[in-house]
Amino acid sequence: MTSFDLVEPRSLEEAFRYLDPSDPAIRPFGGGTALMLMIKAQMYKPQRLVSLGRLGGRFSGISFDANACRIGAMTRFATLEHSPEIAARLPVITEAMKTLANVRVRNVATVGGNLGHADPHLDLPPIWLVLDAKVTVVNRGGERVLPVADIFSGYYETTLGNDELIAEVEVPVRQGWRSKYVKVTTRATHDWPALGLAISVQIDGHLIKDLRIVLSAAVDFPRRLLGAEAVLRGAAIDEPLLQRAGEAAAEEADMESDSRGTGDYKRHLLRAHLRRAVLALAAE
Amino acid sequence: MTSFRNIDRSVPRLEGREKVTGKAEYVHHLRLPGMLYGKIFRSTVPHGRIKHIDVSAAAAVEGVYRVVTIDDIRTIIPHPYYGPAFHDQPVLADGKVRFAGEPVAVVIATDRRVAEEAAGLITAEYEELPAVFDEVEAMTSDVIVHDELKPAATFPDLQHLKGRSGTNVALDYKLRRGDVDAGFAAADRIFEHTFRNQQVMHTPLEPFVTVAEPGDGRMTLHTASQGPSFVRIEIARLLGWPENRVRVKVPFLGGGFGGKLYIKLEALVASLALLVQCPVKISLTMEEQFFMVTRHPCTVRIKSGVNNDGKIVARRCDVIWNGGAYADIGPRVTQKAGFTSAGPYDIENVSIDSYAVYTNRPPAGALRGFGAPQTAWAYETHMDMIADALGMDQIEFRRKNLLREGREQATGTPMRDAALDAVLDQVSTRMAWSEPVDRGTGRIRRGRGIAVGFKGITAPTTSVAMVNCYADGSCALYIGTVDMGQGSDTVMAQIAAEVLEIDAESIRVIHSDTDVTPYDMGTLGSRSTFHMGTAVLLAAKDAKNKIAELARELSLPPGNNLPLPELFRRKYGMQAGNIIGTGSFIPDYEKPEKDTGRSTKATPFWGVGASGAEVEVDTETGHFTVTKLVNVADVGVPLNPKLVQVQLSGAAIMQLGFTLTEEMIFSEGQLTNGSFADYKIPTLLDLPAEFINECVESRQNDGPFGAKGAGETSTIALSPAIGNALADAIGIRLTDLPLTPEKVFKALSDAKRLWSAGG
Amino acid sequence: MNYAYSVHMAVLKVDSEIGAVAVERYLVAFDVGRAVNPRPIKGQIVRGFAQGLGGALMEEFLYDAHGELLSVTFADFLMPTASDVPTIDVLITEDAPSPCNPLGIKGAGEASITGVGAAIASAIDDAISEPGAVMQLPVTRKRLKKFFAADSQERLASVTLLNGPDERRLSQKVDSVPIAT
């Protein structure tokens, strides 16, 4: 690691002055927890890092209205973790924080930085996807809103332009929906997931009215399992249905082998945990 | 029973306050004026001839002082090869590289970040050579890792060491007792199994770090080492200097676990400092530690002849230790863990062959347990498999065969003060073995297992200690034992204080500084409490005798209770003077006979431990949880019960990682999980809900106040206890560590015994 | 009890116009009992003399009327340098070994400084032919100048007087030791 400039702009205008989309050695960052590891491993050699942590305004804070929650991109995980409103209205996030990294990382890492990093093993992106969240992205000239799902395009790759900054995440708060995130680790408890499974369901007794299923970690970026969703949507929960949904999920997911398990084993885990998660949500 | 002031008392760690307030000294913190920083450039191929190293780009970086290769090292050390058993390891790669990750060049710069940046600009071209990675293959492979074997003849127990030239075998240790073939022929049943242990790493929280400070014909090394005396001897040998020109200082260590023994970074950093005539520091990253030293992968083939009544009559063990590219202390591991590899059982006919072999992997050396956990994994899983086949209770089967007090172990060394029965009994009690177990139904199954094991202690080794009583009556203890978290400062102070009839808390322990503290072979292999403890005891007695002598000289009546400061005042007329007591200790030892491995004094004492485990298995996914873990040890008299407890639990947690989660994974000799995101050590969340660590009532009669070592005991039997519990739960045996959920799942699938979902 | 003892002899020149004292020859004879390693003993003696010379001619804590220390820097508190210290003669003797230890060793660190002030003062007295004139150390230029000013007409511009030992009486054991710079 060699020396680099660190700037902490107080306004978006100032931030854009420091940024240069054509120069890969100049980058914006949120908490920097992932970026520091890349710098230390000499995978990235910055000349200037632009911290977005002091931008304030729409980049910070959590607010709710009747149907949605707005989360500034520079909101730290610890803020989400300890927010009573999040706990009341989006409990899946509070729950996920219990096993997300460690307290040191949660105190620093930000929602926006986490999204922009696009590491498929992260716990929050599949949750945003399953909650059907949207992201507002700003650039020098204006802004655009896109579904979180549209951010990811590959392993550590996004569709975001070099001149764009994630400003905020908007999460719908839908009545009658329940969500669950399952982090499946295969080694120490404190590990990256072998697979992450996020499920959101609108359920009536044993009838699944609607649902979304998102798979992460074992795939190159968080993906919805549309086949499995189709099997379950509008159906009444029973063992054969869950078996079929599991098969559909295993079928459609292209699982990578790594030190956390072979693709085959992860497919098996997906089947088992999909079934368990649906049953758990139905029992809630 | 005598009442003690300091013994069997949980004296709080003397350094506790320093550590929690961040004031404790570590080499990592040390910065000397004008100090330069080194960064190692490492090989990218596991076996190859170096065709060319291009350092020009690195040398051109601003702030780079010099880039060093073996040619430069040779100007300082003409024969730059080191190692405790073989002088086989070059200070930097010399013409050849033998593992991916081997140091090839070093950048020296004014800043460590600059050094790191520049090291990334070095390129090397290799002519790749065929490589061998597996220890069993290496036994017969055409790929020879070392063309020439260079025994070091450092240790008396390894002096016969020659290796088998033209092969990868650095040491073959043989033990022959009785007639094993006749035993097999006469036995009712024969059992033969093969077990494997994976390669793992020590993972001390403080990575390897050395600072070398050159003087005029002198050298001071500040180094994170468990063996400062050895470092001094070996550096002096390499430089061709007398020992008194080399000073080795070791403050506290942030963990060692056997990794920081013998020479590690010291020869390299000393050479660099002499080359540039400035202090030089190299601190490894956490990740670089994977390429410094590891624990031996090990394959054990074990064959037993057993009678129908459960008596084992013959056992043959073939143990192959994968030592990686350089022998380090592997040959000693091979011998010490070799001679106990038939287990703590009274078997008439035993044949053991234990081999240290070279491969193209990172070197392996000592790691907490010194090979005993690897062999115990084999013999204690094997024992359960036999008991299952015979339909015998696992504990009863072991009791039937256990080595009893006074009986000869396979080497011919009698068992003395080895509470094998007691540890097994206590585990049995803690596990409520006689009560039925709820094995569960359907998806969740439960099981329990036990295991017992023992280890011999590295011998012969020497410790020297010095007690210094100052004129105000306060005392300091000068010892080379390195406190690396085990609490040795506190325990040694307790021993000295007990003799001197003062409180341990009042003693100051002077840390390893070879200019100041006397010789100690090293802080390793559970030896300090016994060896250094005895030396401290003798030193304190010597001081006490001198105090009595002084009182006589002052014509005081025997039994006078004049305080020590008053004695000094009477002698010297003021607060002045010292009383210095010294003690040195080397236990009796008899070298093993070359052809039979027999010795009547193979070990100064026996490390004895038993473990019990309960597991809960999710048979659908293969995930399992160790719900209860019991480790019972024979540590003799626990001098400091709290520290013993922490040693037992710490060692157990470490072995739990080696059992469940830790494995260095290689692909064609390249480590593929060389980071702590991918190499998982256990955390608090991985500990069993019920976790019991305790010792049995016992006494090591020749140990200081009845004590013996406690640092490794709970590593020995832990893995097989968990493996045995898993087998009890699901009826399937895993023979290769680590025991991962996927392996369990696969075994269950293969056996087509997968319970139906939700079952 | 044993005694380390030394003899000091000085030959010097006094410049009455400016009050300067220049030591021309100097001898320290020192009985060390047993010279274990003569070379560092010579060094000790020479360095002791140099330090003594500073005390005899230069070094002084000066205070004003309020007790304020005036010589607070080394521009005010002068110490001798190589140019102030002549090559001296050193005679190490072993005439009286100590009975208190097996080797007969005595100290060698201090007796080379103890006699310097007195020897210099006596030599100055002799140079100006006024025994008892120097009653206070250090004999700074200022002090000496003041002494001459008090009675200037009666004195020669410059007085040189050799009153020391007959050079031939110095034994061959005496070495000239260059003062290290």
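**How the chains meet and where the cores lie**

Let's start with a pair that stays apart: chain A and chain C share no contact, and their closest C-alpha atoms lie 44 Å apart. Here two residues are in contact if their C-beta atoms, placed from the backbone, lie within 7 Å. This is a predicted model, in which local features need pLDDT of at least 70 and side-chain atom pairs count only at pLDDT 80 or more, while totals for chains, interfaces and linings use all residues. Residues are numbered from 1 along each chain as its sequence is written, with chains lettered from A and ligands numbered from 1 in the order in which they are written.

Chain B and chain C are not joined by any contact either; their closest C-alpha atoms lie 16 Å apart.

Chains A and B do touch, through 18 residues from chain A and 24 from chain B. On the chain B side, helix 4 (112–119) and helix 19 (741–750) are the elements that give two or more residues; helices are DSSP runs of H or I, at least four residues, numbered from the N terminus. Helix 4 of chain B gives the most, with 4 residues.

Now look inside. The largest nonpolar core has 323 residues, and B:Val107 and B:Leu726 are among those with the most contacts inside it. Such a core is a set of buried Ala, Val, Leu, Ile, Met, Phe, Trp, Tyr and Cys residues joined through C-beta atoms within 7 Å, where buried means that 20 or more other C-beta atoms lie within 10 Å of a residue's own. Helix 16 (residues 641–660) of chain B supplies the largest share of this core, 10 residues. Apart from this core lies another, of 37 residues, including C:Ile45 and C:Val90.

Technical notes: Buried ≥ 20, exposed ≤ 12 C-beta atoms within 10 Å, placed from the backbone.
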